[in-house]
Amino acid sequence: MMRRLGPGRIVIASHNRGKIPEIADLLGPYGIEPVSAVDLDLPEPEETGTTFIDNAQLKARMAADLSGLVAIADDSGLCVDALGGRPGIHSARWAERSVEVPPDAEPGEAKVERDFGYAMQRVHDAILAEPPEAGRNAHFVCALAVCWPEDGQCEVFEGRVDGLLVWPPRGDRGFGYDPMFQPIGYEQTFGEMDPAAKHEMSHRADAFRKLVAALIG
């Protein structure tokens, strides 16, 4: 039997500052007071799962254990048909690039930052290497995990939105791969959309609707 998720504080187990306000907006109407893992100085776990659900559960369980609060985690990514579903669960890793380190850095020390402009270029280049008939179909997936600290119980929900990839990217709203993703039936990319419009139909909104119906509604 599923537990109910009532009003009060809940940890958003994410260090991605782009996701935090979006999740907070989706939870706000239900009296839930989200606090981020960043604000609680919680560590970011290594995502060793093989699916979006695996990684969402891993992050939520750690945040619940360390904070003593109910935790919600999201693991999401872009899956490109022409690339066999890549980058998928490695969507954030495709944005990682090495940057210069100071001259006095320790030998072998390297610094890595996430640059989604670089990630979008990587996706575009990979598609160009495929036959034209492979197309530009893609979808975003979002897995949500809600975990309780008392016994580690987790509930999981998954959402999806389908679209086409455009080039060059358009819009400076949203985050991640949003500027190159145009959902089916719309003329704007997620990067061009008003955030409220995106929240109504995104993969994250789809997963949250399922969560609300099961745990809150």
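Ala, Val, Leu, Ile, Met, Phe, Trp, Tyr, Cys and Pro count here as nonpolar, Asp, Glu, Lys and Arg count as charged, and the others, Gly among them, count as polar. The structure described below is a predicted model, in which local features need pLDDT of at least 70 and side-chain atom pairs count only at pLDDT 80 or more, while totals for chains, interfaces and linings use all residues. Residues are numbered from 1 along each chain as its sequence is written, and side-chain values use heavy atoms, with hydrogens and water left out.

**Pockets and cavity**

- On a 1 Å grid over the protein atoms alone, a pocket is an open set of points with protein on both sides within 12 Å along at least five of seven lines, a cavity is a set of points where a 1.4 Å probe fits but cannot get out, and lining residues have an atom within 4 Å of a point.
- Grid points are joined across faces, edges and corners, and a volume is the space filled by probe spheres set on the points.
- The second largest pocket holds about 200 Å³ of space, and its lining divides into seven nonpolar, one polar and three charged residues.
- Among the residues that line the second largest pocket are Asp25, Tyr30, His199, Phe208 and Val212.
- Helices (H or I, at least four residues) and strands (E, at least two) are DSSP runs numbered from the N terminus, and in these terms α1 (19–27), α4 (195–201) and α5 each supply at least two residues of the lining of the second largest pocket, with the largest share, four residues, coming from α5.
- The largest pocket has a volume of about 690 Å³ and is lined by 34 residues, of which Asn16, Lys19, Glu47, Ala92 and Arg114 lie nearest its centre.
- By class, the lining of the largest pocket has nine nonpolar, 13 polar and twelve charged residues, and β3 gives the most to this lining, with five residues.
- One cavity of 30 Å³ or more is present in the structure, and the largest cavity has a volume of about 50 Å³.
- The lining of the largest cavity has eight nonpolar, no polar and one charged residues, and includes Leu42, Pro43, Lys59 and Met62.

**Salt bridges**

- Side chains of opposite charge can pair when their charged atoms come close.
- A salt bridge is taken as a side-chain nitrogen of Lys or Arg within 4 Å of a carboxyl oxygen of Asp or Glu, and a search of the whole structure finds twelve of them.
- Arg114 forms a salt bridge with Glu96, the closest N and O atoms being 3.9 Å apart; the pair links distant parts of the chain, since Arg114 lies in strand β5 (residues 111–114) and Glu96 in strand β4 (residues 96–99), 18 residues apart.
- Arg97 forms a salt bridge with Asp115, with the closest N and O atoms 3.1 Å apart, and this pair also links distant parts of the chain, with Arg97 in strand β4 and Asp115 in the loop between β5 and α3 (116–128).
- Asp206 and Lys210, whose salt bridge has its closest N and O atoms 3.8 Å apart, both lie in helix α5 (residues 203–216), four residues apart, about one turn of the helix.
- Buried means under 20% relative accessible area, exposed over 50%, and partly exposed in between (1.4 Å probe, protein chains only), so Asp206 is buried at 19%, whereas Lys210 is partly exposed at 39%.
- Arg3, Glu150 and Asp151 are linked in a network of salt bridges.
- Glu150 lies in the loop between β6 (137–147) and β7 (154–165), and counts as exposed because its relative accessibility is 62%.

**Cysteines**

- A disulfide is a pair of cysteine sulfur atoms within 2.5 Å, and by this rule the count comes to one.
- Cys147 and Cys154 form the disulfide, with their sulfur atoms 1.7 Å apart, and the disulfide is right-handed because the torsion about the S-S bond is about 90°.
- Cys147 counts as buried at 0% relative accessibility, and Cys154 counts as buried at 15%.
- Cys79 is in no disulfide, the nearest cysteine sulfur being that of Cys142, 12 Å away, and Cys79 counts as buried at 8% relative accessibility.
- Cys142 is likewise in no disulfide, and counts as buried at 0% relative accessibility.
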